[in-house]
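Try each task before you read its solution.

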Amino acid sequence: MTKFIELEDEAILYYVYNLNWLLPKEIQEEAIEILSKIDPNKADMILPKYGKECWQNGVRVLEIMGYPSNKKALPRLAALLQDRNWPGALEAIELFRSLGKAITLPYIEKACSEAIEQNDLDWLEHLFFACEVLIIMKKTFLIPRYMFL
């Protein structure tokens, strides 16, 4: 059994904000090392809603954590697909590719649902791009209403 580092939420947030690419490299690397060992039940804290400067390193942390330890963070990883120009978005696509379609598809479908509900055509275009890269075709979708892609 893997031994995880027990950290309070405040300490996790401290290290998450130390993922900021504007900070010295050694601070970023220390944060990556520590966060990659936290309890998987707190993995969703690694990609903060605000803090674009932290997202690319956050994706790196999730990659190091591996599946299923990073499972709780996958909805937030899918949220990075709102704009493929965002830091970490292309890395998120690659991480999803490494997880395989069986794991990835529910998160892509959920993101599609949210984009449709918000009538966000830009987000849908970025999801279409992600689907092309991930080779997710119409017939792959589990929920028929997403077969528009």
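Predicted model: local features only at pLDDT ≥ 70, side-chain atom pairs only at ≥ 80, totals over all residues.

**Exercise 1.** Classify E125 as buried, partly exposed or exposed, then find its salt-bridge partner.

*Solution.* Next, look for the partner: R84 forms a salt bridge with E125, and their closest N and O atoms are 3.2 Å apart. Now place the two residues on the chain. R84 sits in the loop between α4 and α5, while E125 belongs to helix α7, so the pair links distant parts of the chain, 41 residues apart. Finally, check R84 in the same way: with a relative accessible area of 26%, R84 is partly exposed.

**Exercise 2.** Which parts of the chain does the salt bridge between K42 and D9 tie together?

*Solution.* Start with the distance: the closest N and O atoms of K42 and D9 are 3.0 Å apart. Then locate both ends.

**Exercise 3.** Where do E94 and R97 lie, and how many residues apart are they?

*Solution.* Both residues are in helix α5, three residues apart, which is about one turn of the helix. For accessibility, E94 counts as partly exposed at 40%, and R97 is partly exposed with a relative accessible area of 40%.

**Exercise 4.** Find the residues with the most contacts inside the largest nonpolar core, then list what F96 touches.

*Solution.* The largest nonpolar core has 45 residues, and those with the most contacts inside it are L35, L62, L77, L81, F96, I108 and L127. Helices α1, α2, α3, α4, α5, α6 and α7 each supply at least two residues of this core. Leaving aside residues up to four places away in sequence, F96 touches L74, L77, A78, L81, T104, Y107 and L134.

**Exercise 5.** Which residues make the nonpolar surface patch of about 340 Å²?

*Solution.* The patch is made by L13, Y17 and Y50. Take L13 as a check: this residue is found in helix α1 and is partly exposed, with a relative accessible area of 37%.

Methods: Residues numbered from 1 in each chain as written. Heavy atoms only, no water. Core = buried A, V, L, I, M, F, W, Y, C linked by side-chain atoms within 4.5 Å. Buried < 20%, exposed > 50% of the residue type's maximum accessible area, 1.4 Å probe, protein only. Helix = DSSP H or I, 4+ residues; strand = E, 2+ residues; numbered from the N terminus. Contact = heavy atoms within 4.5 Å. Patch = residues over 30% accessible without salt bridge, like charges linked within 9 Å, V, L, I, M, F, W, Y side chains within 5 Å. Areas by Shrake-Rupley, 256 points an atom, 1.4 Å probe, with all protein chains shown as cover. Salt bridge = Lys/Arg side-chain N within 4 Å of Asp/Glu carboxyl O.
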